[in-house]
Amino acid sequence: MIVDSSVIAEALCITARGVRKKADREGWPSRTEAGIGGQKINFFLKDLPEAVQAKVILHLHKTGQIEKPAPAEKAPVADFEWTPEHSRQLWDWAKTRTQKQRDKGAEKATLLMEVQALMYSKTVSSLRDALALVAETNGVSEGSLRRWWYDGAKMGRSIDAFPQKDWAVLLIPRHGSVVVTGAEIHPSAWDFYCRHYLTRSRKHKVTWTDAYERTVEAANKNGWEPIPSESTFKRRLQREFTPQQIIYEREGIETLMKMYPPQRRDKTMFAPGEAVNGDGLKLDSFYVKFPDGEVVSTPTGWFWQDIRTGKILAYRLGKTENTDLFRLATYDLTAVCSPAFAWIDNTRVAANKAMTGRAFNRRRFKNRDNDPLGLLKHVGIDPRFTDPSQKANKGSRPVERAFGKGGVHEKVRTNPRLRDRGFSVKTAVTFEEFAAVVAEEVARFNAKKGRRTPECHGVLSFDELFEQLFSASEVRLIPESKRSMLLLMPEVVRVSKTHFEVKLKAGKGPMGAHRYSHENLSKFMGQEVVVYYDPADFTQDVTITRIDGAFITKAHHMADVGFNDTESAREWAKEKARFEKATKKANAAQIRMEAQELAALYPEAEAAEIPEPGIIALDFTRKRLEQEQEPLPKVANGEEGGLHVAERYMNEVIQLPRRTEDDEF
């Protein structure tokens, strides 16, 4: 291989003139060739001194002017085989290292590749000479190069036993990544330590020190050895258990699920008032005196919030969270708008059959074929159910966040009007004052400016956004006749089999159940119907529908009367007579034909004609009868037996010739 003096100059880091002087001084064989700008002096690589050859080869290898010679054949190692899967796992591990560590591995690999290039080119006589030359050329320690070559991969083999493409990863520094098992720990002591530290407690958490001290005490009692230091226990637990495992064991599933990234949803798909979400709010440890004189420590409200804008549209307050509170809050909501969708919790209150019967995806109470149509479905609201369990994304609905920090609950409790009041039975506030404060805080919640939502942009309030969008949207409202259904409660009952009346279980007292009657129920006697009644006044008329929701009639209340109340008896008799008269009149209008006309028009029955016989069978029993010795019995009318009658009929009527004994069949 011919090498130009300029290449040797670059490899030795001297000038071209210095190369010529060194060649003349040491007697390097050379050849002169004509070139551009004068003569060029070239040298044969094999004629150069060994040290110069090594540096030139290293320079050519770094600059890529020569390819690495093929490595010499090596005898295979029986217990070692480097597969592509090993390489893939190694590069996956390299991704977990820092960039500085990866750069250090690549730098080591470059130096060792130079060593390998010298050995394959046979420029040097031994690996030791190659290591020394590369160390001198690059300013590194020869011992470091030797250590990297023999133990850089930390796998008990020299680096040239592995593919060169994986050297940069094999030589990555392993400090901070090598699994250190630490001092030995007795298995029982380790189990005791883990079980004691990974204990769930609401208030007082077990500390590292407490867990270690108690482990040492148990070890002294049971003779567990060895027991290393506290830091050894701590490092091993943090190494063998992931952070989520530790949080689950010490904090519970609710805290663990907070680590999971929340889902972000776009609300602009709904118009204002088209979709709402509701929930009950308990104002804990707040004493309120209701109009009936009862003092309640946890007054409750049901709130409806618009999903698009975040504004609280309607609410109702009461003693407890119940179906009536939910129903009446919905009645107030329909005065503002009639949403198409409503998101509620799948709880006993929200998902009860009275409000959500026959709704899709109900997972509360057992669904039956005779369940009434829920009131929400009656007014055109489609309920959607969420999971309120601890494992679900608790607090994901906007209305729940409206109750949290800085929400309605906190603002009501810190209202100046209720300062130093409502914390005990003696300081209980009246319901009227409490309701006024809640109304004030709801208005403040809606009017607060600078809401950091995608549509408020940190400037608008919920009120302003709702007003801006609501005025430009198509709002659905329902008529008052349909809206009034929310003031009623449904109950499935069976119409009496003998009377056109129904009885309610609700409101049943010592005098029996409330009864309701109407003539139109006569078509449904013995069948199940749905009665919608006013729970505040059982004497009001009720609405009766079929199970599928089809309207039947409005029935009036049948009140009990005194035993000697003649006036009520007289009125009842009048109504009974009116019913009888009305029924007769209706029948007379529909059945106008008299009995005589009916008999005259009815056809008389005609006797059926007997047809002539087609073929008459012949009688061949005459000879046998004549041979009988006994006379034939007489019949009651003096005629002879039936066979003689038949024979006479054959002789006289049919007039067939008699058969003699000489005749053949």
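The model is a predicted one. Across the chain the mean pLDDT is 80, with 76% of residues at 70 or more.

**Confidence**
- A further stretch where pLDDT stays under 50 is residues 69–78, for which the model has 6 contacts beyond four places in sequence.
- Where pLDDT is low, the predicted coordinates should not be read in detail.

**Nonpolar core**
- The largest nonpolar core has 30 residues, and those that touch the most other members are Trp302, Trp304, Phe326, Leu333 and Ile344.
- Two or more residues each come from the strands β7 (300–306), β8 (312–318), β9 (341–345) and β15 (528–533), and from the helices α14 (323–336) and α16 (375–378).
- Helix α14 contributes the most to this core, with 5 residues.
- Leaving aside residues up to four places away in sequence, Phe326 touches Trp302, Trp304, Ile344, Val349, Ala350, Asn352, Met355 and Leu376.
- In soluble globular proteins, nonpolar side chains tend to be buried together.

**Aromatic pairs**
- There are 21 aromatic pairs in the structure.
- Phe341 and Trp343 form a tilted pair, because their ring planes stand at 50° with the centres 6.3 Å apart.
- Phe466 and Phe470 are stacked, at 4.6 Å centre to centre and 20° between the planes.
- Both Phe466 and Phe470 belong to helix α20 (residues 462–470), where they are 4 residues apart, about one turn of the helix.
- Phe466 has 7% relative accessibility and therefore counts as buried.
- Trp190, Tyr193, Tyr212 and Phe233 are linked into a cluster by ring pairs.

**Charges over rings**
- Arg250 places its charged end over the ring of Tyr197, 4.1 Å from the ring centre.
- Lys319 has its charged end over the ring of Phe290, 5.8 Å from the ring centre.

**Three-stranded sheet**
- Strands β6, β5 and β11 make an open sheet of 3 strands in the order β6-β5-β11, and the pairing is mixed.
- Its edge strands, β6 (295–296) and β11 (429–430), each pair on one side only.
- Strand β5 (residues 288–289) runs parallel to β11 and is joined to β11 by 2 bridges.
- Opposite Lys289 stands Thr430 in β11.
- Strands of a sheet pair through backbone hydrogen bonds, either parallel or antiparallel.

Notes. Residues are numbered from 1 along each chain as its sequence is written. Side-chain values use heavy atoms; hydrogens and water are left out. Two strands pair if DSSP finds at least two bridges between them. pLDDT is the predictor's confidence in each residue, from 0 to 100. Contact means heavy atoms within 4.5 Å. Rings of Phe, Tyr and Trp (its six-membered ring) pair if their centres lie within 6.5 Å; planes under 30 degrees apart count as stacked, over 60 as edge-to-face and the rest as tilted. Buried means under 20% relative accessible area, exposed over 50%, partly exposed in between (1.4 Å probe, protein chains only). A charge sits over a ring if NZ of Lys or CZ of Arg is within 6 Å of the ring centre and within 35 degrees of the ring normal. A nonpolar core is a set of buried Ala, Val, Leu, Ile, Met, Phe, Trp, Tyr and Cys residues joined through side-chain atoms within 4.5 Å.
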